[in-house]
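Reader: I have a model open on my screen and would like to go through some of its side-chain contacts with you. Could you take me through them one at a time?

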Amino acid sequence: MPHFILPILPDSTRNALKPPPTTTYSLSDPPFHGQLPTDTTTFRHSSSSTAIVIDNGSSSVRAGWQHDALPRLQFPPLMARYTDRKLNRKLTFIGSEIYFDGTARGQARNIYEAGSNIVNNWDVQEGVLDYVFAKLGVDRHGGGVDRPVVMTEPLATPGYTRKTMSEILFELYHVPSAAFGVDSLFSYDYNGGQTGLVVSSAHMSTHLIPVVDRKPMLAHATRLDWGRAQCVEYLTRILKSKYPGLLTSGKVTDTQIEDLVRGHCYVSQDYGGEMMKMLEWTGLEDRDHLVQLPYQEKEVVVKTAEELKIAEERKREGGRRLQEQAARMRLEKLIQKEQELEFFKELQVNVQNAPTKKAAKELLDEEEFRDEVQLDRRIKEMEKSVRKQRNKDVGDLEEEAAEPPTYPLLEIPDEDLDEDGIRAKRAQRLLKSNHDARARAKAEKEAEKARQAELQRRDAAYRARDPESWISDRRAARLATLQRIKDRDRFKADLGNRKSAASQQRMKNIANLASDNPLGRKRRRGQNPDDDGFGADDADWAVYREIQVGRNAEDGEEDDEEEDLAAQLKAVEAQLLQYDPEFTEQSTQEAQRDWTKSLQHAALRGPYPYDPESARESAQMHLNVERIRVPEVLFQPSIAGVDQAGIVELIETLLGGPSLAAQGDLTRDIFLTGGYTLFPGFEERLGRELRAVLPVEAAVRVRRAGDPVLDAWRGAARWAGEGGRGFVTRAEWAEKGGEYLWEHNMGNAFP
């Protein structure tokens, strides 16, 4: 989807070739980190009030105890379960363990459905919770998990989802109490936030939550359906269209594409200006990142010098044998032709000495000759062939001078000839016509050759007399030829568009040919009604050329359609190279079409040459414009076809709302959290654009969380350790139902 029109300026200088890339990136290996350790010591030494903190994220599940500095468990929310027929047992893989087994990788399921951050695969959620409690060493022999649980959830979680999660925790695991909170609010509280705007750009979506005196104003929160997962999908679509067939063969997985997004993309501070200069030749080697995919090079057998010498000798010996065999076969054919020639000469003598015409006719019929003239012509042809072959193979005969053909029967009136003589006279008349036509063609060819020589002489005289005018004429001829080439290519391209004038004219010609009554064609008197007379005029056949190449019949041009414009262009450029000091090799059309000046080549292959026969180069991807285009979607969602406003416009609308108090205080603390904010330049770009759209007197301060990924878990753990009021006990759940929610400053509000 192009967003800019780059001006193509003529440049007569060839771009200097770039050295090979110094850094080649490769795809990451599957994120298998081995079996996570199981720790039972902490559980045995903990009290019944020590809470288990679970950040139930859509990209990664993080779990640990409330007093831990970091989560003890981090793994993707995936589970695979299948029955191994050889072992006759059911196997379960959780998290990164699925990358250890090929079957498990194909059977993996996520807690969340694609494009959603709401839990809807509850069997996978149960498997993940079993895994968390087992790795934390929770002793479930007593029938349940006798520790409180703090779990994060996305903003505006549906009541049914929280009800089902509470049911699992209280009925399946028998936890004594549970609390739910929004991950971004936990992160904001952990980083000391009081009043500000929380910008949570995470894996599945981006949320804007205004907070005043540590109380979230959820009624004013806004959501943008774009996150890092959508960046992965968008980059995948771009690469599939950029390199067809390269990603469809299963060489690149979603996790590897996500690593490409994380490792190569960044937020541009001036997207429009940088996009215009992204594919410029200067500095392209620094902006272009080469990613090498796995490949298998063709095996090339390297032979030693002795082996090459033996192979060459065998080749020469085989050539000699073939030459000898061919010479032997030619000699045998020559002998056979000489024998046939002697036989036909004897036949000619026998025909001439035949007592009667009937006897002579019988001799000719036996050898399938119509008359003596045909026999004589056959003898002359064979003598010529034998003489030519002898000169080529033996070289013992001299080439006889060709005698001009004679046609004696043409001078004799038909009344003095019998039936055979009349037929022979017709044959001689036809031969004479062919001979005269060849003579005329030869004369025309000589005349044309003389005319060309005269034109060259005049051109040389003109060049010597007025070189500047001659060079100007040659330049004009070159520009005219280039224009004709462009017009021809444009006309051929228009034929592919059924609405173009060229295509419509072509269809009119075809319809006219297929019509029973073609337009503009009159029937002659006495003509067969079924015959439209097509072909009677030589100009009728020109319509097929118009259909083939799309020439317009109204042009009135008589130029041959098969003229080689490229050859004409090369001839004119050769003259300019020889006589015009300002016209160099870099000024030729071939140099102008050099791949170093091609934007398409720069986007596909960077500043490096490309060999389609190389398996290594065919398995390469170049990331250049994608590096800034993918993260830019959050600021310009229309780039990816998302019908929503950008993040800057959303913030401007939110802060400008009349019902929201303390707008000025919110701009003083715009807090960024979530994995999307890890893109380099995100914080600077957002702050710069907000200062451009907000009032001048507004104090804008943008800051990012200390750890945008882990601070949500840290905030939940600190909130649990401080004895936050928000836990729902199992008794309250049983009494008040699954929809019951204890509202607090870190969680959602009751709908």
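Reader: Let's begin with F133 and Y173: are they buried or exposed?

Author: In this predicted model, both F133 and Y173 are buried, where buried stands for under 20% relative accessible area, exposed for over 50% and partly exposed for what lies in between, with a 1.4 Å probe and protein chains only.

Reader: And how are the planes of F133 and Y173 set to each other?

Author: F133 and Y173 make an edge-to-face aromatic pair, with 5.0 Å from centre to centre and 70 degrees between the planes. Rings of Phe, Tyr and Trp (the six-membered ring of Trp) count as a pair if their centres lie within 6.5 Å, and the planes are called stacked when under 30 degrees apart, edge-to-face when over 60 and tilted for the rest.

Reader: Which parts does that pair tie together?

Author: F133 belongs to helix 3 (residues 122–135), while Y173 sits in the loop between helix 4 (159–172) and strand 9 (177–182), so the pair ties together parts that are 40 residues apart in sequence. Helices (H or I, at least four residues) and strands (E, at least two) are DSSP runs, numbered from the N terminus.

Reader: Before we go on, what should I keep in mind about numbering and confidence?

Author: Residues are numbered from 1 along each chain as its sequence is written, and side-chain values use heavy atoms, with hydrogens and water left out. As this is a predicted model, local features need pLDDT of at least 70 and side-chain atom pairs count only at pLDDT 80 or more, whereas totals for chains, interfaces and linings use all residues.

Reader: Fine. How many aromatic pairs are there by that rule?

Author: The count comes to 16 aromatic pairs. There is also one aromatic cluster that is formed by F635, Y676, F679 and F682.

Reader: I'm curious about H174, what does its phi look like?

Author: H174 has a positive phi of about 55 degrees, although H174 is not a glycine. This residue is found in the loop between helix 4 and strand 9, and H174 is partly exposed, with a relative accessible area of 36%.

Reader: And D213, where is that one?

Author: D213 is in the loop between strand 11 (206–212) and strand 12 (215–216). D213 also has a positive phi of about 55 degrees without being a glycine, and its relative accessible area of 60% makes D213 exposed.

Reader: Switching to charges, how many salt bridges does a search of the whole structure find?

Author: The search finds 44 salt bridges, each being a side-chain nitrogen of Lys or Arg within 4 Å of a carboxyl oxygen of Asp or Glu. One of them joins K18 to E285, whose closest N and O atoms are 3.2 Å apart.

Reader: What does the K18 and E285 pair tie together?

Author: K18 lies in the segment before strand 1 (24–26) and E285 in helix 9 (residues 284–287), so the pair ties together parts that are 267 residues apart in sequence. E285 counts as partly exposed, at 28% relative accessibility.

Reader: What about D55 and R62, buried or exposed?

Author: D55 is buried at 4% relative accessibility, and R62 is likewise buried, with a relative accessible area of 7%. Their side chains meet in a salt bridge of 3.3 Å, N to O.

Reader: And where do E454 and R458 lie?

Author: Both E454 and R458 are in helix 13 (residues 419–465), four residues apart, which is about one turn of the helix. Their side chains form a salt bridge (3.2 Å, N to O), with E454 partly exposed at 28% and R458 exposed at 53% relative accessible area.

Reader: Which residues are linked in a network of salt bridges?

Author: The network links E312, E313, R316, E317, R320 and R321.

Reader: Last topic, then: which residues form the negative surface patch?

Author: E362, E366, E367 and E368 form a negative surface patch. For such a patch, residues must have over 30% relative accessible area and no salt bridge, and like charges are joined within 9 Å, while nonpolar side chains (Val, Leu, Ile, Met, Phe, Trp, Tyr) are joined within 5 Å.

Reader: Where is E368 found?

Author: E368 is in the loop between helix 11 (357–366) and helix 12 (372–393), and E368 is exposed, with a relative accessible area of 70%.

Conventions:
Areas by Shrake-Rupley, 256 points an atom, 1.4 Å probe, with all protein chains shown as cover. Lys, Arg positive; Asp, Glu negative; His and termini not counted. Charge placed at Lys NZ, Arg CZ, Asp CG, Glu CD.
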